[in-house]
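Student: Please take one part of this structure and go through it closely. I would like the overall setting, then the detail.

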Amino acid sequence: MDRMVNTAIPLDELRRRARTIAVVFTDCDGVLTDGSVYYDRQGESMLRFSRRDGMGVERLRAQSIEVAILTRETSPIVEHRAAKLSTRLFAGVKDKRAAFPALLREMYAQVEACAFIGDDVNDLDLLRYVTSMGGLSGAPADARPEVRDAVLFVTEAPGGEGAFREFAEWILQLRGATS
């Protein structure tokens, strides 16, 4: 399961970072979903989410770690999923890196106490920033190559197939909180 890309950071440092995590931010499309949108004849769209990822949210919450969905899209479907998971939702965020300081203030969090998992080029600036400031970063197995190269952890699962759960378990494992 552990496919750390950035081996330049010692395991002790990763463990230290994991112990400080208070909020895990996740992209939606490509992380919580497979990145596909399904339309029917009436033009209504559907997204498919993994219940395994929902359990990852619960397991983080059990360790007093909040989860927030940070997405470029606005969708009633994502709103419903965020409500079901009791997570914060920041939707319609075009420039995630530029918006991040305000989101941190709203969450009463420091950047070094955050983790972020994303999958595409619009996530790169924030992934790099979180990592450089002492947080943790991840990407699904099917993320863009440049994203996989920029993060600390790449999951074995693709987006929408339990990638968030793997990222959550990695953080919990580093904290020594798995079982």
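Tutor: Of the 179 residues in the chain, 49% count as buried. Buried means under 20% relative accessible area, exposed means over 50%, and partly exposed lies in between (1.4 Å probe, protein chains only). This is a predicted model, where local features need pLDDT of at least 70 and side-chain atom pairs count only at pLDDT 80 or more, while totals for chains, interfaces and linings use all residues. Residues are numbered from 1 along each chain as its sequence is written, and side-chain values use heavy atoms, with hydrogens and water left out.

The setting comes next. The chain has seven helices and eight strands. Both are DSSP runs, numbered from the N terminus: helices are H or I with at least four residues, strands are E with at least two. The radius of gyration is 15 Å, close to the 16 Å that the globule rule gives for 179 residues, so the chain is as compact as a globular protein of that length. That radius is taken over C-alpha atoms, and the rule is 2.2 Å times the number of residues to the power 0.38. Along its principal axes, the C-alpha trace spans about 55 × 35 × 30 Å. The chain exposes about 8700 Å², and carbon and sulfur atoms supply 47% of that area. Areas come from the Shrake-Rupley method with a 1.4 Å probe; for residues, only the protein chains shown count as cover. Among contacts between residues at least 6 apart in sequence, 59% join residues at least 24 apart. A contact means heavy atoms within 4.5 Å.

The part to look at is the sheet. Six strands form an open sheet in the order S5-S4-S1-S6-S7-S8, with parallel pairing. S5 and S8 stand at the edges with a single partner strand each, so one side of each is left without a neighbour in the sheet. Two strands pair if DSSP finds at least two bridges between them. Strands of a sheet pair through backbone hydrogen bonds, either parallel or antiparallel.

Take the S5 side. Strand S5 covers residues 88-90 and pairs with S4 in the parallel sense over three bridges. Here Ile-69 stands opposite Leu-89 of S5. S4 runs from residue 66 to 70. Four of its five residues are buried, so S4 is largely enclosed by the rest of the structure. S4 also pairs with S1 (residues 23-26), in the parallel sense and over four bridges. Phe-25 stands opposite Ala-68 in S4. Thr-26 has Ile-69 as its bridge partner in S4.

Now move across S1. Four bridges join S1 to S6, and the two run parallel. Val-23 stands opposite Cys-114 in S6. Cys-114 and Phe-116 point one way from S6, Ala-115 and Ile-117 point the other way, and all are buried.

S6 (residues 114-117) is then joined to S7 by three bridges, again in parallel. Ala-115 stands opposite Leu-136 in S7. Phe-116 stands opposite Ser-137. S7 itself covers residues 136-139. Leu-136 and Gly-138 point one way from S7, Ser-137 and Ala-139 the other, and all are buried.

What lies against these strands? Helix H5 (residues 124-132) has Leu-124, Leu-126, Leu-127, Val-130 and Thr-131 as its buried residues. Their cover includes S4, S6 and S7, together with helices H1 (11-20), H4 and H6. Just after H5, Gly-134 takes a positive phi of about 100°.

At 36% relative accessibility, Glu-112 counts as partly exposed. Leaving aside neighbours within four places in sequence, Glu-112 is in contact with Thr-20, Ile-21, Met-133, Gly-134 and Gly-135. Glu-112 and Met-133 are 21 residues apart in sequence, and their C-alpha atoms are 5.5 Å apart.

Val-151 is found in the loop between helix H6 (145-150) and strand S8 (153-154). At 0% relative accessibility, Val-151 counts as buried. Its C-alpha atom is separated by 10 Å from that of Ser-132, 19 residues away along the chain.
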